[in-house]
Amino acid sequence: MVWRRGLSKSLLAAIVVIIVIIVAAAALMMQGGGGAVKEVKVGVVLPLSGKLAETGADLKRGLEFAVEEINAAGGIKSLGGAKIVLVYGDSAGKPETGAAEAERLITEEKVVAMLGSYQSAVTKTVSEVCERYHVPMLNPESTSPTLTARGYKWFFRTTPHDEMFARQHVDFVNWLNKKYGNQIKTIAIIHEDTEWGTATARAWQKYFTQAGYKIVKVVSYHAATITSMDSEIDTLKAANPDLVLVASYVQDAILFVQTAKQRDFNPKAILAQDAGFINPSYVKQVGKDGFYIFSREVFNWDLGQKIPRLREVNKRYKAKYGVDLNGNSARDYTGVWVLYYALEEAGKKASPANLKEFRKALRDALANLYVPGDKLIMPWKGVKFDSNGQNILGQGIVVQMMGDGKYHTVFPEEFATAPPVFPMPKWSERG
Amino acid sequence: MVGLDYVANAVVSGILIGSVYSLVGMGLALIWGIMDVINFAQGDFMMIGSFVTYWAFTLAGVDPLLSIPLSFLVTFALGVLTQRVVIERVLDAPMVSQITATFALLLMIRYGAEAAFGPYTRRISVPYADVIFRIGSVSLQLPRLVAFIVSLGVALAFYVFLKTTYTGVALRAVSQNRMAAYLMGINVRKMYWLAFGLGVGISAVGGTLVATFLPIYPEMGGFYALIAFIVVVFGGFGSVFGAYISGIIIGVTESVSALFISPSLKDVVAFLLFILIILVKPAGLFGTEQR
Amino acid sequence: MGALRFIREGLSGRRGLYFAIISVLMIAAPLIFWKLDMPFAANAMLLCLMFSIMAMAWNLLEGYTGQLSFGHAVFFGVGAYTTMILMLYYGITPWVGIFAGGLVAALVGLALGVPLFRLKSHWFALATIAVGEIFKLIFISWDYVGGSAGLQSPIVPESQKLYYLQYAGSYVYVYLALGFLGLELLVMYPLVRSRIGYYLQAIREDEDAAMSLGINPFKYKMVAMFFSALFTGIGGGIYTVRFRFVDPFAVFDLISVSVYITIAGILGGIYSFVGPIVGSFVFVPISEYVRVYVVSRFPRFYGLHVFVLGAILLIISLLAPEGIMGWLEKKGLLGGGEEER
Amino acid sequence: MSLLEVRDVVKRFGGLVAVNGVSFSLEEGERVGLIGPNGAGKTTLFNLISGYYRPDRGRIIFEGEDITGRRPYEITALGIGRTFQIVRPLSNLTVLDNVAIGALLRHPDVDEARERAEEVLMMTGLHEKRNMRAGSLNLPEKKRLELSRALATEPKLLLLDEVVAGLNPSEVDELLEVLRRINEAGVTILMVEHVMRAVMNISERIVVMDYGVKIAEGTPEEIANDPRVIEAYLGREEF
């Protein structure tokens with residue numbers, strides 16, 4: 001009967017504690033309240049720490065620069081010049097942390113919209129939170145095709161995704177064949193095995209097969225632990241393809257090029273899917289061995305020659321941060337502007353004082369938004385979202401590293417600054 | 001489909017990278033054999049070696065090969081310090097305390113380095129990085145070949161040290177019977193300092209060697225530590241020379257299974273092999289049974 | 001009926017009072033977080049509870065049976081994936097799926113136990129690391145489970161919220177985790193107080209001696225493995241319903257799952273029944289605090305939170321290997337000198 | 001039918017034959033000593049009977065059942081208890097828990113097992129130390145703990161490996177008295193012992209081994225006067 005006595009005493013204590021807590025909570029609840037709309041908060045979840053912290057910082061610069069421009073030009077005019085304020089959450093590169101941060105920004109910071117989150121896995125969970133809380137999310141830089149295949153109503157993506165890029169790869173190879181006499185018939189694929197590499201490889205297989213090319217070999221590898229690529233390159237070499245498609249991160253991209261040279265592997269062309277191949281440390285490391293490799297890109301330094309608006313923005317950007325805009329910062333810069341156009345529209349219909357209504361208005365504004373290409377700094381035809389929230393007017397470009405050690409845009413022709421070098425010279429014929 | 005020349009190349013490439021695995025494994029085997037302590041932070045001491053080489057190269061322009069003594073000495077000193085401050089205190093503690101302590105070291109070194117240097121990947125570009133030799137269809141990258149030769153040299157020097165010098169013999173005596181060695185007048189405590197210093201120092205040489213052709217980053221030790229465990233288990237625990245041979249076997253297994261099975265599963269093959277070996281022959285291929 | 005008696009005994013006297021107070025605080029906390037819009041605190045509490053569930057399960061193997069596992073991410077991951085796959089491919093409610101996840105994890109545990117329990121001490125620990133890596137690599141290249149992209153469950157209509165356990169924020173899941181922690185206590189406490197608990201400890205102390213007392217070590221290690229994997233798998237199931245997204249990199253991670261579970265257990269004290277819970281409630285807030293308030297402000301110092309954990313772990317292993325609870329007991333701060341095993 | 005029958009048992013370790021064709025049997029209720037110089041194979045024989053080693057040849061029959069190759073815990077469950085020469089306490093558990101774990105074999109209920117353990121501890125004289133950590137006992141106490149634990153499994157046959165070694169004469173007498181009482185309660189005892197006084201005192205019958213072979217068997221008086229036994233001991237100047 002010790003039990004009964006012990007419990008009744010415990011129960012009493014418990015009740016006391018519960019009452020104290022509820023009273024305290026109620027007292028705290030009395031405080032708080034809303035103020036006037038002087039600013040519009042936008043949440044941003046990015047990898048600000050972790051292995052991608054460097055990229056995160058880069059993206060953050062792009063976002064901040066755009067916000068400064070917009071605020072300096074008078075803020076959101078339909079809301080009486082309200083300023084945009086970015087509130088950050090750090091995903092540390094982890095999907096579950098990103099989701100928790102998104103919740104904090106939405107419920108604690110009361111943001112009207114969300115931007116981010118770079119890695120597709122994090123964007124998946126962050127967008128899910130937004131969808132649940134009915135907060136519009138604008139994603140400027142994640143390229144996993146599945147993101148816009150989920151039927152979400154509150155998710156919008158400005159950048160083209162990996163399948164669109166793969167389709168564009170086919171266009172590019174068709175164009176090469178037309179120009180240089182059908183030299184490419186067989187194709188091999190090598191990719192790292194995270195979602196990005198795998199999805200890209202799958203899309204390549206699908207679209208190149210549809211276009212009548214023959215896929216002779218697909219090789220995947222685990223980038224995190226790769227210490228040698230001899231066997232991988234040898235399997236490719238044995239398949240003897242005309243074209244090799246590569247989806248690699250930095251370290252494996254470097255290893256790929258070095259090993260290809262070492263094993264004297266000479267396809268007629270190597271076409272990469274940006275990532276590792278456009279990383280500054282890749283460019284520095286492989287040096288002249290990287291010449292004549294094609295890469296798909298979203299952005300390139302020489303685009304300024306064709307896009308006057310970009311030339312100006314980049315000049316100011318470089319003056320402020322000391323670096324040029326790149327594919328990441330330019331896309332996030334663009335993302336903020338697109339969101340701004342939608343905010344102007346939404347401001348005509350609702351006020352952020354009523355958060356729920358305003359978020360809805362913003363979503364509708366995004367869904368109906370059209371931004372023409374000449375208002376952007378990207379090599380796109382414009383911004384217009386389909387019912388899944390995917391921008392259908394975006395496109396990539398194809399660049400090739402030339403003898404000056406720099407990438408030059410070679411495709412599509414309206415943005416090209418140089419003709420392609422094809423086929424690429426054999427290793428033995430290089431100086 | 002896969003020709004014989006490719007197999008030859010895979011084998012050679014496996015031997016070259018395997019010789020580096022060997023060095024990390026040898027260090028682990030030495031510590032394990034002498035003190036019966038598993039140093040979970042072994043791969044992270046190797047990472048320190050890589051970073052010493054990296055800084056010597058970037059700040060002072062020291063060629064990575066010349067920084068081998070430096071990288072060895074720095075980690076040797078850190079090893080002795082670790083032994084004095086940490087390992088000594090847990091030598092007779094229950095296994096869980098030993099493992100916890102070296103795991104704590106792992107977390108502190110790895111993430112301390114990450115906090116100090118940033119999580120980024122670095123590389124050294126030595127001028128001879130892309131010198132390539134070709135023998136028939138087999139091609140060799142100079143840095144990898146150098147790594148192989150140096151690791152062979154280190155292993156041989158280590159062998160001679162253990163077999164012929166007084167200190168080496170004393171070390172072996174301590175590993176066989178701590179009490180007897182003590183009664184013979186050997187300063188067991190100092191031998192342990194030496195063992196831990198040497199053990200992590202040798203792994204750090206491996207770190208210096210990989211730095212000439214592979215990326216350097218604070219978390220790199222994780223992968224090499226796993227490989228080192230496989231190497232030690234394979235070679236027989238406490239068997240330093242078994243570790244050398246088995247490092248090379250692991251390297252070859254990986255590159256050949258990448259050729260025939262799938263590159264993305266080559267680590268799975270290595271890990272499965274590892275579990276299989278401890279189940280079937282826990283003493284390893286070259287070791288003797290010990291309880 | 002024996003089980004009930006153990007629980008009654010466990011809750012008698014002062015311990016019952018502590019238990020009641022802590023329970024009330026735990027039940028009240030999420031309400032407060034919710035009222036005050038503190039999603040982050042609620043999320044931290046959820047993490048504490050998830051790690052409590054898993055560290056306690058892990059400790060049945062380590063603290064009670066003496067089998068140090070660095071591979072509990074396997075059970076966490078298998079539980080998480082099972083719950084997700086049942087929900088996504090077969091429309092089975094996670095109310096069932098979480099239990100199924102635990103059960104599948106337990107079966108995986110038994111299957112792994114057959115070879116692994118032939119290994120002693122170090123070897124067992126090493127092999128569990130290898131098993132964890134193998135599972136990660138296999139799930140990365142296994143298309144049925146979504147490969148490296150992982151799996152995400154769609155958002156369900158309002159009417160199916162309860163069936164699919166989909167709620168915004170962590171609040172609801174804190175109660176879910178509390179429920180499962182309660183269930184675990186109800187199962188584990190009688191278990192370790194019963195003959196099985198004594199047998200496990202005998203195996204931990206000396207397998208040969210245990211055999212001379214009529215104990216079949218393999219059989220009882222398998223029993224420990226079953227419950228250990230079961231509740232770790234349930235932890236995975238909670239992760240799935242909470243975040244509705246699983247991928248191999250997050251759920252099979254050596255450091256942030258397997259090792260964190262180990263840290264929670266060792267920090268709290270492996271020779272104490274409630275040690276792992278105490279350890280989780282100390283370790284998770286420290287880690288989160290350093291990460292959110294130091295690392296986020298100074299991203300330059302990424303890794304610092306893990307470094308701090310390492311330092312704490314080192315201090316514990318050198319100065320108080322018996323963990324917080326063991327240390328408190330030694331200092332006589334738990335009162336009564338009641339043996340807490 | 002004999003309680004235990006060991007038939008022509010052989011055990012090799014590499015090139016060494018530790019037990020070489022030993023046969024003997026025990027009747028129910030007997031007290032039998034097993035003696036022999038160091039390395040004679042006594043402990044190996046214990047390990048064979050209790051299932052820790054599997055014999056290379058020969059059979060071991062307990063109560064008419066062939067138990068050769070059974071696992072140690074099965075053999076304990078059948079009713080053969082043992083102690084270890086090098087004591088193996090469950091160090092981090094209390095004395096009472098050590099013994100209670102043994103008692104759990106026949107009394108699955110924890111409370112019952114504890115009661116039973118207390119009884120055993122009373123009998124073996126460790127009752128006062130029941131709440132101490134087993135690891136903190138001194139050697140003679142640990143030996144008693146070994147005995148208590150084995151006893152708690154309620155064996156029909158008790159294999160004792162040097163339980164009185166290291167005790168002073170009065171402690172030896174005390175313990176022998178305990179063993180006698182255990183035996184009177186119906187437990188058959190086979191004990192390996194180096195302390196001759198103790199073996200001679202308590203054994204009804206003695207088996208002598210040397211170099212893995214049984215060299216003699218008989219009453220204490222017969223053994224004391226057996227020239228082969230004297231040779232085996234004196235020949236190596238060990239007693």
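The exercises below, each with a worked solution, concern a predicted model.

Residues are numbered from 1 along each chain as its sequence is written, and chains are lettered from A in the order in which they are written.

**Exercise 1. Find which chains share the most contacts, and state how chain D stands to chains A and B.**

Step 1. Contact means heavy atoms within 4.5 Å. There are 4 pairs of chains in contact, and chains B and C share the most contacts among them.

Step 2. Chain D does not touch chain A; the nearest C-alpha atoms of the two are 18 Å apart. Chain D does not touch chain B either, and here the nearest C-alpha atoms are 12 Å apart.

**Exercise 2. Describe the interface of chain C and chain D.**

Step 1. On chain C, 25 residues are in contact with 25 residues of chain D.

Step 2. About 2,200 Å² is buried between the two chains, 59% of it on carbon and sulfur atoms. Buried area is the accessible area (1.4 Å probe) that two parts lose on being put together, summed over both.

Step 3. Polar contacts (pairs of N or O atoms within 3.5 Å, where within protein one must be able to donate a hydrogen and the other to accept it, and residues adjacent in sequence count only if both atoms are side-chain atoms) join 12 residue pairs across this interface, both residues being at pLDDT 80 or more.

Step 4. Salt bridges (a side-chain nitrogen of Lys or Arg within 4 Å of a carboxyl oxygen of Asp or Glu) number 2 between chain C and chain D. One of them joins the side chains of D:Arg88 and C:Asp206, at 2.7 Å from N to O.

Step 5. Helices (H or I, at least four residues) and strands (E, at least two) are DSSP runs, numbered from the N terminus. Helix H1 (2–10), helix H9 (195–205) and helix H10 (207–212) of chain C each supply at least two residues of the side that touches chain D. H9(C) gives the most, with 7 residues.

**Exercise 3. Work out the strand order of the open sheet in chain D.**

Step 1. Two strands pair if DSSP finds at least two bridges between them. In chain D, 4 strands form an open sheet with antiparallel pairing, in the order S2-S1-S4-S5.

Step 2. Strand S2 (16–26) and strand S5 (65–66) of chain D are the edge strands, each pairing on one side only.

Step 3. Strand S4 (residues 57–62) of chain D pairs with S5(D) over 2 bridges. D:Phe62 has D:Glu65 in S5(D) as its bridge partner.

**Exercise 4. Locate A:Phe422, its ring partner and its cis bond.**

Step 1. Rings of Phe, Tyr and Trp (its six-membered ring) pair if their centres lie within 6.5 Å; planes under 30 degrees apart count as stacked, over 60 as edge-to-face and the rest as tilted. Over all chains the count is 55 aromatic pairs.

Step 2. A:Tyr180 and A:Phe422 form a tilted pair, 5.4 Å centre to centre with 55° between the planes. A:Tyr180 lies in helix H5 (residues 162–180) of chain A and A:Phe422 in the segment after strand S14 (407–411) of chain A, 242 residues apart.

Step 3. The peptide bond from A:Phe422 to A:Pro423 is cis, with omega near -10°.

Note on methods. This is a predicted model: local features need pLDDT of at least 70, side-chain atom pairs count only at pLDDT 80 or more; totals for chains, interfaces and linings use all residues. Side-chain values use heavy atoms; hydrogens and water are left out.
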